[in-house]
Amino acid sequence: MTVLLLGGTGEARALSQRLTGLGVIASLAGVTRKPKPYGVPTRIGGFGGANGFRSFLKDEGVTAVIDATHPYAAQMPQRASAICGEMALPYLRLLRPAWQPQSGDQWQEVATLAEAAAILPTNSTIFLATGGQSADHTKALHAHTIWLRRVDDTGPAPWPKGGMIVGLPSNDPQVEAALLQRHGITHIIAKNSGGPMGYAKLDAARTLGLPVILLSRPPIQHAPVTTSLDTAESFVKAHAS
Ligand code: NAP
């Protein structure tokens with residue numbers, strides 16, 4: 001009995017540490033150059049589409065899938081839940097709850113970066129905290145100054161004004177506030193990823209009175225969902241040997 005753990009998040013890694021020694025294979029998409037190790041055997045890279053995923057499940061004798069991908073992973077959860085339904089395999093999504101606004105927050109939600117561009121005042125200076133993958137989708141924002149934070153250094157920014165900020169988010173709101181002030185940021189664009197990592201910039205925005213534009217999460221598919229690591233662990237233990 002082998003359970004497939006779809007990962008790429010801190011929760012997936014934390015869950016894997018509870019599953020050492022059980023029949024569990026973790027899977028990562030291969031977007032992070034040096035992913036921190038998981039507590040179970042791990043494969044890296046895409047499955048090669050829906051048919052590749054079906055073949056993987058059959059070839060590895062997978063008996064259940066725990067999907068702990070990121071809340072903004074748009075394709076994998078939809079595919080995994082649909083194919084598990086088709087193959088009558090138990091499926092559970094471990095989903096990180098979204099951040100909720102507090103008093104003093106100036107948050108607006110939009111579906112796309114183009115929608116964000118439409119509500120920005122002219123000559124804004126944007127802190128783009130939507131991840132490195134956004135670097136190729138900034139065209140709608142090029143009238144503004146863009147500072148994009150990314151983990152890996154991939155060279156200079158391809159937009160006319162601003163640049164890249166290479167590094168991980170700090171957990172300290174004061175460090176984040178200093179970064180925002182240093183770059184003269186007027187607006188933050190971010191994902192509502194939830195969890196502790198990345199929240200400090202929203203604390204800093206509240207303190208500095210900066211507006212935040214949050215991209216909407218992809219819709220959740222009709223499939224079982226939990227936010228509890230304990231529930232996810234019990235699910236895996238019921239289906240792995
Ligand atoms: P996605 O839109 O759901 O998936 C894109 C493609 O990546 C899939 O079609 C699949 O390729 C492959 N893939 C995704 N998750 C995989 C996994 N766990 N194992 C093997 N292949 C996987 O996801 P995404 O937004 O590109 O994110 C990719 C990975 O980064 C996910 O594992 C996610 O948890 C993690 N991540 C995403 C974000 C984010 O903001 N989107 C942030 C942090 C971490 P094939 O079609 O070839 O099978």
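**Figure 1. Salt-bridge network of R18, D230, E233 and K237.** In this predicted model, salt bridges link R18, D230, E233 and K237 in a network. E233 has a relative accessible area of 16% and is buried. K237 is partly exposed, with a relative accessibility of 42%. The structure as a whole holds eight salt bridges.

**Figure 2. Salt bridge between R149 and E176.** The closest N and O atoms of R149 and E176 are 2.8 Å apart. R149 is buried, at 8% relative accessible area. E176 is also buried, with a relative accessibility of 3%. Both values fall under the 20% limit for a buried residue.

**Figure 3. Salt bridge between D203 and R206.** The side chains of these two residues, D203 and R206, meet with an N to O distance of 2.8 Å. Helix α6 (residues 200-208) holds both D203 and R206, three residues apart, which places them about one helical turn from each other. D203 has a relative accessibility of 22% and counts as partly exposed. Side chains of opposite charge can pair in this way when their charged atoms come close.

**Figure 4. Polar atoms of S27, M76 and K191 at the ligand.** On S27, a polar side-chain atom lies 2.7 Å from a ligand nitrogen atom. M76 places a polar backbone atom 2.7 Å from an oxygen atom of the ligand. For K191, the distance from a polar side-chain atom to an oxygen atom of the ligand is 2.6 Å. On its own, the ligand has 810 Å² of accessible area, of which the protein covers 80%.

**Figure 5. Residue shell around the ligand.** The ligand is surrounded by 23 residues, and the closest are S27, F47, M76, R79 and K191. By class, nine residues of the shell are nonpolar, eleven are polar and three are charged. Helix α3 provides the largest share of the shell, three residues. The elements giving two or more residues to the shell are β2 (24-28) and α3 (76-86).

How values were computed: Residues are numbered from 1 along each chain as its sequence is written. This is a predicted model: local features need pLDDT of at least 70, side-chain atom pairs count only at pLDDT 80 or more; totals for chains, interfaces and linings use all residues. Side-chain values use heavy atoms; hydrogens and water are left out. A residue is near a molecule or strand if one of its heavy atoms lies within 4 Å of it. A polar contact is a pair of N or O atoms within 3.5 Å; within protein, one must be able to donate a hydrogen and the other to accept it, and residues adjacent in sequence count only if both atoms are side-chain atoms. Accessible areas come from the Shrake-Rupley method with a 1.4 Å probe; for residues, only the protein chains shown count as cover. Helices (H or I, at least four residues) and strands (E, at least two) are DSSP runs, numbered from the N terminus. Ala, Val, Leu, Ile, Met, Phe, Trp, Tyr, Cys and Pro count as nonpolar, Asp, Glu, Lys and Arg as charged, and the others, Gly among them, as polar. A salt bridge is a side-chain nitrogen of Lys or Arg within 4 Å of a carboxyl oxygen of Asp or Glu. Buried means under 20% relative accessible area, exposed over 50%, partly exposed in between (1.4 Å probe, protein chains only).
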